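User: I would like to learn how to read a few features of a structure, one at a time. Could you give the general idea first and then the case at hand?

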Amino acid sequence: MKEFFKLVGKEFRHIFRDRRTMLIVLVMPVVQIVLFGFAISTDIHQARVDIVGDIQDFQVRKIAERIDNSQYFDVVSEYRSVTSVDDRFRKGKADVAICFEQDFSKKLETENTALIRIIGDGSEPNSAQMIANYAMGIIHEGTRELTPTVEYVYNPMMKSSYNFVPGVMGLILMLICSMMTAISIVREKEKGTMELLLVSPVRPLWIIVSKALPYMTLSAVNLVTILLLSRYVMSVPIRGSLLLIALVSLVFILTSLALGLLISTIASTQRVAMLISGMGLMMPTMIFSGIIFPCESMPVVLQYLSDIIPAKWYIILIKKIMIEGVGMTYIVKELSILLFMVFVLFWTSIKLFRTRL
Amino acid sequence: MYFIEARNISKGYGSFKALDRVSLQVRKGEIYGIIGPDGAGKTTLFRILTTLMLFDNGNAEVEGFDVVRDYVKIRRIIGYMPGHFSLYEDLSVEENLDFFATIFGSSVAAGYETVREIYSQLEPFRKRKAGKLSGGMKQKLALCCALIHKPSVLFLDEPTTGVDAISRKEFWNMLERIKAGGVTVLVSTPYMDEALLCDRISLIRQGRIIDSGTVDSIIERYPYSLLAVSGERIFPVLKILRQLKGVVSCFAFGTEHHVAVCKETVTVENIRQILVENGFADCAVRNISPGIEDCFMQLAGKE
């Protein structure tokens, strides 16, 4: 047991004495959360709206006012002809035009429906879609009696941080556990100290555990940091039980550690380990986890592929627990998939970890 | 009963044969040298004997334990110093020593007497990071780390490579003292001159052991007479000598040529005369006794 504690202590020393490792392990998560939360936010702020139509019309004026009063929009101009919209977009004077048909109020009264067209500048598809959604939300809100209300129950204004926080959690835990564990093991191989560890009477299993334990501890620290940041800085609600979040995160951390071990058995140099974890883990995690694009809009083949990415399931779990606030019964499926992955990955990497060179 | 014994060990990496039917017998308490150039298979042999690597054929035992079956037992009794002094560069001198003492199931206090003499030279730097030590210091620290748990056999893989001449000499003195403490030492080196410091040696080349025994017995087996030729314009001489009848081989050896000739057929006088005839009157020719390097060249040529 003394040997084991010595190994763990040594591993902590490696981490604390290397400024770059410290930076990656402790500073990067904070930077990422803040970056994703603020700088790369896809939320809409003060989009410029043109109102096209008869502004004297009672209903048109009512809707226009409501739009202008919302924190997301600013009505910048009002004019009658749709033909000018193009020109305004090209000059970059407006982000969206909301067009009302002739005799809007009268039609609404007599026929119970009237036409509104939202024209967005589609050169930035993501933000255009966002803007359109927001505008639609506001219009519907006012004319509830006429049109079905579309409401996003858990994220009424589709706040992007709701999506980012679980995503970034998945990414960071994956990065620290897999990449750092893999690199720290491969570094010993490269430096030749692994030979000495293997020649020693210490059981190989303890060598592995001693490598994983420090990164597991740091991941726990990160988890707490991220949760605090997202709750108090991003105001993302934590609706579910903290205990459940901790449990699910622990399972995911174990998955990542197992992946890191697996990489370390394949890679022979630190560079290769970095490449495999970067290209093989980070990229798919980014792409398939739904941080950037929703999984549902991917081709079916890729959707199947995304199923083998552990982070995807973790992110789903965290979204369910944190944002939706569901309990154990609703997450059984995802959690069992993740548990299955842990088991398979650990089994494989321990089988592959050689007690020799 | 030998302390370390290997029988017909073969090991290949793909189509490349790293070791080809290598046999080795090391007695308890001796310094045994594995001498050969880079790429001869020394490190592979060490890894096999330290249970770090499996092999294709043959068998090997260390203190009676099979290196494959009883690897756990062997790992308790050996000390190993891999090539290029594997230390933790971000840990200090004393942290390294303490770490290796602990994971080998001992402690610095318990093993201190064994390493005291060597470690005393490192003591002034004990707070310094291992990465900041000189080559000779790293070597000493690595040796301390390999010795601190009082192993009964010490495997040193090229311990003197990349270390200055003075440190090398010091190192061999240390080995003598370690041997005096009853530890069996198996050491590999590419430096032929270090063969003289071993009790017995094996010459290894391209994965095969080409001769084994004491240095004297290997030299005794040298089948030719050896002449040294030196002079001003030494390089053209090489060509002439190689064409002579009775000359077996001729190699440049520093500033001289070592010429192996069949015994009793060619004499110093013959060679001198031929050189004068060819306009190399200034060349000096003399009889010398072969060194281990001459033996190595001769044995390598025979293969």
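User: Leaving aside neighbours within four places in sequence, which residues is B:Gly213 in contact with?

Analyst: A contact here requires heavy atoms within 4.5 Å, and in this predicted model B:Gly213 meets that condition with B:Arg200, B:Ile201 and B:Ile218, once its neighbours within four places in sequence are left aside. B:Gly213 belongs to strand 10 of chain B, which runs over residues 208–213. B:Asp199 stands 14 residues from B:Gly213 in sequence, and their C-alpha atoms are 8.6 Å apart in space.

User: Is B:Gly213 buried or exposed?

Analyst: A residue is called buried when its relative accessible area is under 20%; B:Gly213 has 11%, and is therefore buried.

User: Which residues form a nonpolar patch on the surface?

Analyst: An α-helix has 3.6 residues a turn, so residues three or four places apart point the same way. In this model A:Leu23, A:Val27, A:Val31 and A:Leu35 form such a nonpolar surface patch, with about 330 Å² of accessible area together. A:Leu23 lies in helix 2 of chain A, residues 19–39, and counts as exposed because its relative accessibility is 52%.

User: How many disulfides are there over all chains?

Analyst: The test is whether two cysteine sulfur atoms lie within 2.5 Å, and by this rule the count over all chains is 0. B:Cys145, for instance, is in no disulfide, the nearest cysteine sulfur being that of B:Cys144 at 6.7 Å. B:Cys145 counts as buried, because its relative accessibility is 5%, and A:Cys177, at 0%, likewise counts as buried.

User: What can be said of chain A as a whole?

Analyst: Chain A contains 14 helices and 4 strands, and buried residues make up 48% of its 357 residues. Among the contacts in chain A with a separation of 6 or more, 76% are between residues 24 or more positions apart. The accessible surface of chain A is about 17,700 Å², with 63% belonging to carbon and sulfur atoms.

Conventions: Residues numbered from 1 in each chain as written. Chains lettered and ligands numbered in written order. Predicted model: local features only at pLDDT ≥ 70, side-chain atom pairs only at ≥ 80, totals over all residues. Heavy atoms only, no water. Patch = residues over 30% accessible without salt bridge, like charges linked within 9 Å, V, L, I, M, F, W, Y side chains within 5 Å. Areas by Shrake-Rupley, 256 points an atom, 1.4 Å probe, with all protein chains shown as cover. Salt bridge = Lys/Arg side-chain N within 4 Å of Asp/Glu carboxyl O. Helix = DSSP H or I, 4+ residues; strand = E, 2+ residues; numbered from the N terminus. Buried < 20%, exposed > 50% of the residue type's maximum accessible area, 1.4 Å probe, protein only.
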